[in-house]
Amino acid sequence: MRETLRYGQVGGSLDAFIGAVHRISASFDGRATLTAGCFSGNAEKNRRCGAFFHLGEDRIYDSYEAMAQAEAARADGIDFVVISTPNSTHYEIARAFLTEGVNVLCEKPLCFDVAQAEELRRLAAEKGAMFCVNYSYSGCGMVKEARALIRRGVIGEVINVNAEYLQEYLVDDVAAGEDTMVKLSSWRKDPAVAGISNCVGDIGSHIEHTVAYMTGLKLRRVAAKLDYFGQPLDLNANILVEFDNGAHGVYCCSQVCVGHMNGLVVRVFGTKGAIEWVQENPNVLYVTLKGQPTQIYNRGMGYISDEARAFNLLPSGHPEGVYEAFANIYRAWIGALLKKVNGQPFAAGDCDFPTVEDGLNGVRFIHACVESGRKDAAWVEL
Ligand SMILES: NC(=O)c1ccc[n+]([C@@H]2O[C@H](COP(=O)([O-])OP(=O)(O)OC[C@H]3O[C@@H](n4cnc5c(N)ncnc54)[C@H](O)[C@@H]3O)[C@@H](O)[C@H]2O)c1
């Protein structure tokens with residue numbers, strides 16, 4: 001019986017943003033070891049990175065293609081690959097590893113278009129490979145608690161959703177001004193690397209998945225107004241959405257809202273009550289039942305559901321954040337993969353991580369929003 005897994009990483013050199021968050025988070029449960037990597041397109045950087053992580057010389061690769069083939073051929077090859085590169089590369093890299101039958105955990109957005117996403121889903125099924133897309137906020141304990149409460153019918157039937165993801169770091173792109181903000185990699189503004197959208201693709205996609213995860217509702221259609229401010233890709237979007245139960249909602253995502261740093265907020269309104277989760281204060285959940293004062297649920301307490309408590313990493317009162325959310329995605333992913341490699345059947349709840357299907361839904365959402373924006377906010381089906 002295997003108790004630990006080996007993984008490799010593509011992207012995530014020492015100067016990258018999210019790659020280190022993956023490595024730290026994957027290690028929380030002590031069940032996965034970084035064994036191989038192609039951390040950048042630069043050979044010298046790859047050596048430095050591999051040495052820092054104590055990788056064997058023969059496990060440091062200068063191309064993901066060579067890594068996929070060599071790792072698949074080894075008896076002690078990696079059990080899964082983490083893809084933490086810019087968007088334009090996800091499809092090719094995921095395809096290379098799936099072709100070799102290697103399980104894939106890929107960053108969002110999954111890929112550039114719906115046909116690519118469907119191809120990855122098909123290939124994963126054909127090869128019997130598991131596939132996770134890292135919509136990390138669904139790893140937050142209190143997002144899981146919101147989901148459990150909504151599933152139990154505590155707020156009744158969902159009749160409205162109001163969600164926003166507001167940032168300010170690109171406001172200087174609207175009107176040249178003093179640049180005072182810490183910026184993410186500039187590839188996000190380049191259509192050749194980011195894809196068809198910047199703002200909706202980078203952060204609107206998180207709204208789409210977090211709401212879908214919490215409510216279990218599917219999007220039927222969207223009507224979106226995207227603002228470009230003279231840039232090649234969108235920086236701001238106001239999106240009207242319709243769910244498969246007939247309810248409507250409003251999603252706002254922006255990179256030009258002064259005063260907001262990483263403001264993901266989800267409010268779900270039901271016939272009997274409402275739930276609100278605020279990413280910048282992620283250890284609490286606001287629950288209001290009709291006619292009663294708002295209650296504040298705290299992560300890790302005895303009244304929290306078993307589903308959410310299974311993902312408690314620290315005792316209550318010790319704030320969990322981004323690393324722990326990622327770690328919870330890994331907790332579910334590694335647990336499920338261990339069952340797979342040990343030939344054990346999955347039990348209910350074993351696969352509580354975002355899948356390639358979620359990745360496909362995200363790509364559909366991005367494309368529908370952009371198409372709607374081009375048609376002056378006409379409704380577009382997903
Ligand atoms: N889930 C989340 O919350 C979250 C947060 C941030 C970023 N992301 C996603 O993570 C991905 C990476 O974002 P980032 O901000 O870390 O970017 P980044 O620019 O900081 O890092 C990208 C890394 O990929 C490497 N790379 C590029 N092309 C490569 C190739 N062909 N082979 C090997 N390595 C290659 C670069 O050298 C760099 O190390 C993006 O898709 C982004 O949308 C997700």
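Let's start at the ligand: one of its oxygen atoms lies 2.9 Å from an N or O atom in the side chain of Trp-187. On its own the ligand exposes 850 Å², and the protein buries 85% of that (accessible areas by the Shrake-Rupley method with a 1.4 Å probe).

Keep in mind that this is a predicted model, where local features need pLDDT of at least 70, side-chain atom pairs count only at pLDDT 80 or more, and totals for chains, interfaces and linings use all residues. Residues are numbered from 1 along each chain as its sequence is written, and side-chain values use heavy atoms, with hydrogens and water left out.

Back to the ligand's polar partners. A ligand nitrogen is 3.1 Å from an N or O atom in the side chain of Glu-107. With Ser-40, a ligand nitrogen is 3.5 Å from a polar backbone atom.

Now widen the view to the shell. The ligand is surrounded by 26 residues (each with a heavy atom within 4 Å of it), and the closest are Ser-13, Asn-87, Lys-108, Ser-185 and Arg-188. By type, the shell splits into 10 nonpolar, 12 polar and 4 charged residues; here Asp, Glu, Lys and Arg count as charged, and Gly goes with the polar ones. Domain 1 (5-129) and domain 2 (138-313 + 361-381) each give the shell at least three residues, with bounds from an automatic or database domain assignment.

Lys-108 has another feature to look at: a cis peptide bond joins it to Pro-109, with omega about -15°.

Technical notes: A polar contact is a pair of N or O atoms within 3.5 Å; within protein, one must be able to donate a hydrogen and the other to accept it, and residues adjacent in sequence count only if both atoms are side-chain atoms.
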